[in-house]
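Me: Please take me through the terms used for this model, one by one, and say what each of them rests on.

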There are 2 protein chains.
Amino acid sequence: MAKPAIELDSFDLAILAILQKDNATPQRLVGEAVNLSAPAVQRRIRRLEEAGVIAANVAIVDPARIGQAITIFVEVEVVSETAELLDVAKREFSAAPEVQQCYYVTGEADFILIVIVPTMADYEALTRRLFFSNNNVKKFRTFVAMDRVKVGLTVPLTPSGAA
Amino acid sequence: MAKPAIELDSFDLAILAILQKDNATPQRLVGEAVNLSAPAVQRRIRRLEEAGVIAANVAIVDPARIGQAITIFVEVEVVSETAELLDVAKREFSAAPEVQQCYYVTGEADFILIVIVPTMADYEALTRRLFFSNNNVKKFRTFVAMDRVKVGLTVPLTPSGAA
DNA sequence: ATCCCTCATGAAACAAACTTGCGCGCATAG
DNA sequence: CTATGCGCGCAAGTTTGTTTCATGAGGGAT
């Protein structure tokens, strides 16, 4: 694993704020925006990537333009919360390509999944495969998204622990 | 607005699959992977961007490495589902920078929010601002994420509506 | 107090990638 | 059968990303 935390100064945060919105921004422009030279920006970006602060550089695809994808939320409740059973569930859920996001949470549910499927029939198939065939799944609740009001993974830049 | 849908062939889907994982992949490598020349890849990418299929190119930042961000799910139930009240809610929720994602859903809840905050105190402040001061919010349930098992916006590439 | 070591920066050179223009082949329509 | 439009590949030009190098600031030890 990478280091749990590295020092981030205001330059790093400014760079992250830009790349979070558009990582195709030329380093030259980034440098101008944060008052740093292009190579300096380059080194910082590499450091952030190696440290895991930048987890990935990806293109965001609009599901609505690809077939007619349906976004679904699932709250999953498990029977037993032993460490190994949780690991099993995490691995199974993560393995499904339809599962975009999976969180282990506190509260009335244990897992929250965000699923994208082309049709409801695909979702039904997924539930059979993921939930009904897993004895540790007590119950699950389904929420179908009618509107993606706001979608993003942009993290608010908190200057905590930085100079 | 862009066209609601454009034709996507297997080349486009293959390209999208790659860029969804890493949009820093050189077009030359993309071309090799899909058996196309670099300029052809380039033109297709541009078309996909203009059509809105590629909504954005962004760097994914791990919140855990930025301060100690907490991911929280909120199920919001509203009193009245008139169009204008929903619009108000959508706008208010979207305006909050802490709200990463907001969906309007069917089921036992009306909205599902994904929130990122540095501390629980910030979340409490957010609830006051967003929920308690909004008379149309009947109730809300909170789920705190203990583990981000899987995070992504990767859309499964469905060859529907393509050659 | 001085020296030395380490580290990050900026300027320039270098390499790689992106972008554009051109001609060709294929599919479709007339 | 011919004409037209679309998308491809090739090659050149341009921008961008990457490396190298010398300089200056900060820290610790003598």
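Me: What makes strand S3 of chain A and S5(B) a pair?
Reply: Two strands pair if DSSP finds at least two bridges between them. Strand S3 (residues 99–105) of chain A and S5(B) have four bridges, in the antiparallel sense, so they count as paired. A:Cys102 stands opposite B:Lys150 in S5(B). Strands here are DSSP runs (E, at least two residues) and helices likewise (H or I, at least four), numbered from the N terminus.

Me: What kind of model is this, and how are its parts labelled?
Reply: This is a predicted model, in which local features need pLDDT of at least 70 and side-chain atom pairs count only at pLDDT 80 or more, while totals for chains, interfaces and linings use all residues; side-chain values use heavy atoms, without hydrogens and water. Residues are numbered from 1 along each chain as its sequence is written, with chains lettered from A and ligands numbered from 1 in the order in which they are written.

Me: Why is B:Lys90 with A:Asp147 called a salt bridge?
Reply: The term requires a side-chain nitrogen of Lys or Arg within 4 Å of a carboxyl oxygen of Asp or Glu. In B:Lys90 and A:Asp147 the closest N and O atoms are 2.8 Å apart, so the pair qualifies. Between chain B and chain A the count is six salt bridges.

Me: Which element gives the most to the side of chain B that touches chain A?
Reply: That is S5(B), with 10 residues. By residue class, this side of chain B has 39 nonpolar, 16 polar and 12 charged. Nonpolar covers Ala, Val, Leu, Ile, Met, Phe, Trp, Tyr, Cys and Pro; charged covers Asp, Glu, Lys and Arg; the others, Gly among them, are polar.

Me: How many residues of chain B and chain A are in contact?
Reply: With contact meaning heavy atoms within 4.5 Å, 67 residues of chain B meet 67 residues of chain A.
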